[in-house]
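Have the structure open as you read.

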Amino acid sequence: MTLTQRRADRVVLHNISWQQFENLLEDLGESRAARVAYDDGTLEIMTPLPEHEYYKEVIGDSIKEIAEVLDQDYESLGSTTWKREIKKAGVEPDNCFYFQNEPRIRGKLEFDLSQDPPPDLALEIDVTSKSLSRFSIYARLGVPEIWCYDSGELKIYQLQNEEYTEVETSSVFPTLPVQELPALIEEYRPQGRRAIRRAVREWARG
């Protein structure tokens, strides 16, 4: 095992076996601030900063508000650990959602990606760029769409031929220009969270 210290808020470990990864998850437990990603022997442990958590929460809330306005069923599973040993891949998104596959997992509390579908949408907040690229991990897990927020921009990526391609239209909300959300959030941020949620609902109604 070798260690690379990149920043104060993250540690990258190399030559980590799958069993070591599983043991670390067990040792860390569920009630922790740190989030992990595992890519074929490389493990990143990240402690999110307040700015990161703010955008994670406010964009996640916006997705829920839009779903309510559009009368779409969904499930939100936050930073659930998604992993498949056969793919040597594991990740904890900033948030994740089921939309298209929501009926298949409705009411479930335990998941196995060898049988259950992965989330339809993963949210990644890149306020401080992550050392370990998540795209190859998400691709091996089969997550069809990722929203990435970075420096006031929201980009949509969809899985095509086992790679992610940036697209203009979300498969989750095809009628909405979701790239407008960061500007809307910034406009209402000084007024607080409730003001943002009201603004998002009005925006989603058109």
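## Ground rules

Two strands count as paired if DSSP finds at least two bridges between them. Helices (H or I, at least four residues) and strands (E, at least two) are DSSP runs, numbered from the N terminus.

This is a predicted model, so to speak of a local feature takes pLDDT of at least 70, side-chain atom pairs count only at pLDDT 80 or more, and totals for chains, interfaces and linings use all residues. Residues are numbered from 1 along each chain as its sequence is written, and side-chain values use heavy atoms, with hydrogens and water left out.

## The sheet

Let's begin with the strands. Six of them make an open sheet with mixed pairing, in the order S5-S8-S9-S10-S11-S12. At the edges sit S5 (75–76) and S12 (163–167), each of which pairs on one side only.

S10 has a partner on either hand. With S9 it runs parallel, joined by five bridges, and Leu121 stands opposite Glu145 in S10. With S11 the pairing is antiparallel, over six bridges, and here Cys148 faces Lys155 in S11.

## Inside S10

Is S10 mostly buried or exposed? Five of its six residues are buried, so the strand is largely enclosed by the rest of the structure. (Buried means under 20% relative accessible area, exposed over 50%, and partly exposed in between, with a 1.4 Å probe and protein chains only.)

Setting aside neighbours within four places in sequence, Ile146 is in contact (heavy atoms within 4.5 Å) with Leu121, Ala122, Glu124, Phe135, Tyr138, Lys155, Ile156, Tyr157 and Tyr164. The C-alpha atoms of Ile146 and Asp39 are 17 Å apart, and the two residues are separated by 107 residues along the chain.

## Two loops with positive phi

S10 and S11 form a hairpin with two residues between them. Ser151, in the turn, has a positive phi of about 50°, and it is a residue other than glycine. Ser151 is exposed, with a relative accessible area of 67%.

Where is Asn161 found? Look in the loop between S11 and S12. Asn161 also isn't a glycine, yet its phi is positive at about 55°. Asn161 is exposed, at 77% relative accessible area.

## How the helices pack

Two packed helices are described by the angle between their axes and the distance between the axes. Axes are lines fitted to C-alpha atoms, for helices over the stretch in contact, and angles run from 0 to 180 degrees between N-to-C directions. H2 lies across S5, S8 (95–98), S9 and S10, running at about 150° to S9.

H2 and H5 pack at an angle of about 110°, with their axes 11 Å apart. They are therefore roughly perpendicular to each other. (Angles under 35 degrees count as roughly parallel, over 145 as roughly antiparallel, 65 to 115 as roughly perpendicular and the rest as oblique.) From H2, the contact uses Tyr54, Tyr55, Val58, Ile59, Ser62 and Ile66, while H5 supplies Leu181, Ile185 and Glu186.

What about H5 and H6? Their axes come within 9 Å and cross at roughly 140°. That makes H5 oblique to H6. Leu181, Leu184, Ile185 and Tyr188 in H5 meet Ala195, Ile196, Ala199, Val200 and Trp203 in H6.

## The nonpolar cores

A nonpolar core here is a set of buried Ala, Val, Leu, Ile, Met, Phe, Trp, Tyr and Cys residues joined through side-chain atoms within 4.5 Å. The largest one has 28 residues, and those with the most contacts inside it are Ile59, Ile63, Ile66, Phe99, Trp147, Phe173 and Leu181. The elements giving it two or more residues are H2 (50–69), S9 (121–125), S10 (145–150), S11 (153–160), H5 (181–188) and H6 (193–205). H2 gives the most, with six residues.

Which residues does Ile59 touch, leaving aside its neighbours within four places in sequence? Ile59 is in contact with Leu123, Ile125, Tyr149 and Ile185. Apart from this core lies another, of 19 residues, among them Cys96, Ile105, Leu141 and Tyr164.
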